Amino acid sequence: MLADKELLENLLNYIGKKLSHEVDGLLIGGNAMIFYGLRGQTKDIDLVLFDKYDIAAITQIIKSHPLFKESKIIKKLPYKINPELLKMGEPTVIQNSDLPRFDIFYKHVFSIDTEKIFQNCKRTLRFDLLKLKLVEPEDLIFLKSVSRRPVDQDDIVRIIKNLQINWKYFLEFVKKYHKKDDRVIWLVLGNLYDINKKEELIPKFVIEEIVKLFGLKL
Amino acid sequence: MFERNLANKLKGWNTISDISEKLNIKKSTSYFYIHRLNKKGFILQKIKKPRGTMYLIDSIPSFSENHGMLKNTEIVSSEIEFSKNEIPSEHRIAYLLRKSKDENNQRYINEAKKLVRSIKNWKKLYRYLKAYKIIEEFKQLYIESRKEIKKVPSIPKRYKRLIGV
């Protein structure tokens with residue numbers, strides 16, 4: 001079953017009302033796209049939390065939900081992703097065959113440090129005591145372009161076509177991250193290059209600047 | 001996606017005549033388009049001017065009408081908060097007291113004082129006080145506001161004992 005906006009809001013409200021302390025988190029992936037109005041439904045609910053106790057509390061609450069009583073906690077991802085990316089950011093997956101899946105990450109999303117992304121967010125969604133920051137469109141493109149799934153490429157195209165994107169901010173973020181981990185930026189470059197081959201959506205100077213980081217020329 | 005494409009074309013401040021000029025349509029149709037955009041949340045702000053109402057349109061929709069944690073206060077928050085349901089005053093009091101404790105700012109306490117009269121659900125309030133860990137601060141606030149404000153609601157016996165007033 002896919003989750004639409006109403007189901008998503010109801011689930012998050014349920015979690016917020018059961019919490020006994022305020023929890024800060026980050027909303028990424030398909031859920032963020034739903035709140036931007038770019039998608040109708042999503043398969044999974046991706047959350048990033050910054051405290052291990054919060055993850056324990058939220059998994060317990062989800063398990064207490066009448067719909068998720070028979071769900072199982074799995075440590076393996078149900079879809080394929082580059083094995084290098086799985087070193088740090090493996091999520092806790094709460095899955096039931098018919099229902100939308102919960103993917104809960106701790107600080108890292110597939111080896112990408114999300115603390116800077118969390119600080120850059122301007123919009124917050126509040127569900128009682130659950131306070132989720134909505135990832136900015138530029139950061140959403142960055143996160144989506146790391147995983148090379150065809151679905152994510154479609155999402156990136158949709159974001160670029162419909163929202164105003166600050167490419168200068170995106171480049172700055174990429175340059176800073178390049179100093180930390182250049183493998184991730186290589187993946188981002190590959191994905192953006194593929195998208196631009198089909199349709200020229202990304203400004204040329206963005207790809208040229210990223211290529212320069214690796215000492216290459218277009 | 002019709003509304004989103006419209007919002008992309010009409011980004012920024014517009015009057016009705018601006019819209020009809022940009023899209024090459026009648027004025028009556030542009031009123032209809034404004035209605036559709038408003039329904040989907042693409043209109044962020046309206047200002048009435050002598051030459052006609054101005055509408056601020058953005059491609060990112062505002063998520064809900066009842067938004068803003070600090071809606072009733074004068075304090076400007078650094079980030080925009082949205083919530084589907086209206087945030088109860090019990091929650092606001094607890095949140096403001098927590099902020100005053102963290103930032104050491106008297107203004108938050110003054111704002112919380114204004115909301116004391118609107119407390120209705122003491123069970124809810126006690127839950128938020130426990131969640132934000134500010135039972136002592138609320139005790140002080142309640143004692144002060146009883147002296148300054150008329151008709152402050154009295155605490156039920158159970159919560160009197162729990163809060164220690």
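1. Strands here are DSSP runs (E, at least two residues), numbered from the N terminus, and two strands pair if DSSP finds at least two bridges between them. Within this pair, B:Asn14 stands opposite B:Tyr55 in β3(B).

2. Before going on, please keep in mind that this is a predicted model: local features need pLDDT of at least 70, side-chain atom pairs count only at pLDDT 80 or more, and totals for chains, interfaces and linings use all residues. Residues are numbered from 1 along each chain as its sequence is written, while chains are lettered from A and ligands numbered from 1 in the order in which they are written.

3. Those strands belong to an open sheet of 3 strands in chain B, ordered β1-β3-β2 with antiparallel pairing. Its edges are β1 (12-14) and β2 (43-47) of chain B, each of which pairs on one side only. From one strand to the next, the twist averages 20° (axes are lines fitted to C-alpha atoms, and angles run from 0 to 180 degrees between N-to-C directions).

4. Now to the interface: 16 residues from chain A and 15 residues from chain B take part in the contact, with two residues in contact if their C-beta atoms, placed from the backbone, lie within 7 Å. On the side of chain A that touches chain B, strand β10 (residues 123-127) of chain A gives the largest share, 4 residues.
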